[in-house]
Amino acid sequence: MALDYTKAAQEILDAIGGPDNVVSAAHCATRLRLVLADDSKVDQAAVDNADGAKGNFKASGQLQVIYGTGTVNKVYDEFIALGHISAATKAEAKAAAAEQQKNPFMRAIKLLGDVFVPIIPAIVASGLLLGIMSALSFMDSNGFITLSTDNAWYQILNLVSNTAFTFLQILIGYSAASAFGANPYLGAVMGMLLINPGLQNANTVATEGVQQTYAVIPGLYSIEWTGYQGHVIPIVIAAGILAFIEKRLHKVVPEAFDLFVTPLVSVAATAYITMLAVGPIFVWAENAILGGIQFLLTLPLGLGSLIMGALYAPTVVTGIHQMYTTIDLGQIATYGVTYWLPLASAANIGQAGAALAVALKTRDVKIRSLALPSSLSAFMGITEPAIFGVNLRFFKPFIAGCIGGGLGAMFASIVGLAAAGTGVTGIFGILLCLNQPIQYIIMFAIAGLVAFGLSYMLYRDETPSADAVQVEPATNATVQASVNATARDEAEAAAVSAAAADAAIAAVNGSVASDVQPATIVSPMAGTAIPMKEVSDPVFASEAMGGGIAIVPNEGTLYAPADGKVIVLADTGHAVGMMTDTGTEILMHIGIDTVGLEGKPFTPHVKVGDHVRAGQPLMDVDLAYIKAQGLDTVTPVIITNTAAYEAVEPCASGAVTVGDPIIKVH
């Protein structure tokens with residue numbers, strides 16, 4: 001029976017406390033996105049049972065109710081008409097949601113994440129290479145190898161290994177200016193200012209003392225003429241000041257003069273404020289915080305490190321962990337090493353061990369297929385799949401991981417384990433600790449084994465409920481159960497990234513074809529074919545939405561993988577769905593978390609309803625832009641009606657070109 005859109009809209013309107021409780025309403029391709037004034041007015045049971053709704057969850061300050069492609073827009077139209085609510089764009093709804101989150105501390109943490117996440121690849125690359133160079137030096141000094149440093153090959157590598165850290169303020173200046181909405185190139189100029197060779201290098205102050213001071217107010221206030229190498233907070237604050245000044249100048253300076261007046265005044269004014277006040281004040285504050293952390297790290301028996309190691313993973317859940325890069329870099333600048341990185345590594349290893357225990361103990365194939373690659377990723381230092389996809393979902397493994405991480409961190413503190421650089425944890429973190437490799441290995445073993453043992457003892461496969469038994473064992477049902485679970489537990493909602501949620505919902509809305517035929521699906525992009533389980537997003541890796549394969553593209557055009565009809569085209573461009581002429585439903589999700597790019601890197605050449613031929617261009621993709629945002633370009637190609645087939649068999653690996661067979665269905 002056709003859905004009564006008016007009734008569906010009225011039910012959800014009543015369930016959320018009426019129109020007066022709606023701050024903002026918008027919709028995407030599959031979800032109604034609501035920002036509410038008072039969450040306590042929501043009748044959650046009524047929301048769960050709303051007519052036509054396929055699930056709901058709370059994320060990013062929004063209540064998101066899932067209706068599906070082709071339905072959500074009709075429910076939305078009735079919703080705003082019934083409630084006499086002004087329609088909002090997704091961007092406006094996102095801004096309203098952010099405004100609802102009044103916690104200044106969390107906003108500051110999110111801002112640090114926006115600043116540091118884009119430059120993490122540069123930091124990781126330099127950090128890993130720094131570890132390799134340290135390994136070579138360690139082996140040379142201990143007689144394992146004979147290393148000649150008097151050649152271009154060595155010197156170039158050595159130069160690359162420290163470049164990102166040497167000019168870190170420039171990277172931060174550019175990224176922070178972008179985050180604040182200022183001209184990023186002016187932000188880079190501010191970064192250059194703070195490490196200008198005309199200032200005494202801050203790294204020499206400890207050995208040479210401050211060599212020059214200048215009076216600001218004679219007899220009352222002077223500043224030290226030193227650079228800000230290793231200090232990251234001053235450049236972040238400077239970028240904020242720059243944005244404040246620049247935005248206001250753009251409003252008042254006549255357009256004819258704006259091009260040269262605004263940049264000149266913005267940079268000059270920001271430079272004075274930063275050098276005279278912000279820099280000195282925040283360097284003092286930063287040093288005080290680092291001193292406090294260092295004090296905790298030196299508490300007897302490693303008790304402070306035990307606490308911090310145990311709490312590290314929970315801060316990953318809340319997003320606070322974005323500030324830890326600041327601690328690492330500050331400690332390296334102050335002490336020449338970082339005592340924090342081994343603690344972070346212990347915490348990551350703990351979560352990895354806990355997820356591995358789930359993978360080995362569970363009898364559920366889907367859970368194992370998610371937990372195993374997630375644990376391996378965490379052992380490499382990337383913990384989000386393990387935390388959000390496995391450990392938090394079952395909670396007890398998460399606690400086990402925290403305990404293991406805390407004990408590993410405690411040992412690290414007792415033995416004084418320190419890293420020569422930052423950016424690499426887990427297995428490869430040992431490259432930064434080659435002066436104490438045995439201690440690192442023991443720390444690794446303590447964190448991993450304790451977490452593994454506790455998780456193995458505590459984890460139990462969930463007993464299916466009566467409702468779950470009645471659900472048909474199709475891919476769509478699996479995803480639906482997952483979505484409903486997120487509605488009941490907001491912590492689990494974090495397990496589904498924005499990009500994966502969109503793709504999962506697309507799968508929910510794909511009908512299982514009853515008259516499917518054997519077919520071969522060809523590659524929609526040129527690049528490298530990898531198994532789906534190697535995709536970093538846990539929802540894709542688990543194949544909960546269906547079997548398939550993933551392509552790491554090296555060319556920025558998406559082509560049709562078969563003859564058929566376009567049935568899904570996300571308004572943000574990041575996902576395209578097709579129904580082939582042989583009945584196969586295919587979803588192509590371009591990149592991970594690319595839904596947040598608001599369509600900027602995507603230029604579609606088709607629209608929903610178009611019939612296309614295999615090899616026909618569907619979309620141009622700016623891969624460089626996606627990578628510049630620090631996002632993965634891997635493109636899962638998913639058969640969303642997998643349950644309609646006896647087998648969905650990937651038939652490619654390694655390099656593929658457009659048109660090469662990648663999946664056989666029969």
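Helices (H or I, at least four residues) and strands (E, at least two) are taken here as DSSP runs, numbered from the N terminus. On that basis the protein has 25 helices and 20 strands. The model is predicted: local features need pLDDT of at least 70, side-chain atom pairs count only at pLDDT 80 or more, and totals for chains, interfaces and linings use all residues. Residues are numbered from 1 along each chain as its sequence is written, and side-chain values use heavy atoms, with hydrogens and water left out.

Start with the whole chain. Of its 666 residues, 49% count as buried. Buried means under 20% relative accessible area, exposed means over 50%, and partly exposed lies in between (1.4 Å probe, protein chains only). A contact is a pair of heavy atoms within 4.5 Å. Among contacts between residues at least 6 apart in sequence, 74% join residues at least 24 apart.

Next, the cores. A nonpolar core is a set of buried Ala, Val, Leu, Ile, Met, Phe, Trp, Tyr and Cys residues joined through side-chain atoms within 4.5 Å. The largest has 43 residues. Tyr312, Trp340, Val358, Ile387, Val390 and Met443 have the most contacts inside it. Two or more residues of this core come from each of α13 (303-318), α14 (324-335), α15 (340-361), α16 (365-379), α17 (384-394), α18 (396-414) and α19 (437-458). Helix α15 gives the largest share, 11 residues. A second core of 32 residues is separate and includes Ala560, Val621, Leu623 and Val656.

Helix α7 (residues 152-166) packs on helix α8 (residues 168-180) at an angle of about 50 degrees, with the axes 5 Å apart. Axes are lines fitted to C-alpha atoms, for helices over the stretch in contact, and angles run from 0 to 180 degrees between N-to-C directions. Angles under 35 degrees count as roughly parallel, over 145 as roughly antiparallel, 65 to 115 as roughly perpendicular and the rest as oblique. The helices α7 and α8 are therefore oblique to each other. In the contact, Ala164, Phe165 and Thr166 of α7 meet Leu168, Gln169 and Leu171 of α8. By class, this contact of α7 with α8 holds four nonpolar, two polar and no charged residues. Here Ala, Val, Leu, Ile, Met, Phe, Trp, Tyr, Cys and Pro count as nonpolar, Asp, Glu, Lys and Arg as charged, and the others, Gly among them, as polar.

Now the sheets. Two strands pair if DSSP finds at least two bridges between them. Eight strands form an open antiparallel sheet in the order β15-β11-β12-β13-β17-β9-β8-β19. The edge strands, β15 (611-612) and β19 (654-656), each pair on one side only.

Five of its five residues are buried, so β13 is largely enclosed by the rest of the structure. In a regular strand the side chains alternate between the two faces of the sheet. Both faces of β13 are covered: Glu585, Leu587 and His589 lie on one side, Ile586 and Met588 on the other, and all are buried.

Its partners come next. Five bridges join β12 (residues 575-580) to β13 in the antiparallel sense. Met578 has Ile586 in β13 as its bridge partner. The two strands β12 and β13 form a hairpin with four residues between them, and Gly583 in the turn has a positive phi of about 95 degrees. Three bridges join β13 to β17, again antiparallel. Leu587 stands opposite Ile638 in β17. Strand β17 (residues 635-639) also pairs with β9 (residues 548-553), antiparallel over four bridges. There, Ala550 has Pro636 as its bridge partner.

Three strands form an open antiparallel sheet in the order β10-β16-β14. Strands β10 (557-559) and β14 stand at the edges, each with a single partner strand, so one side of each is left without a neighbour in the sheet. The twist averages 20 degrees from one strand to the next. Three bridges join β14 to β16 (residues 617-621) in the antiparallel sense. Phe602 has Val621 in β16 as its bridge partner.

Finally, two loop residues. Glu598 is not a glycine, but its phi is positive, about 55 degrees. At 41% relative accessibility, Glu598 counts as partly exposed. His84 lies in the loop between α3 (72-83) and α4 (90-100). Phi of His84 is also positive, near 50 degrees. At 74% relative accessibility, His84 counts as exposed.
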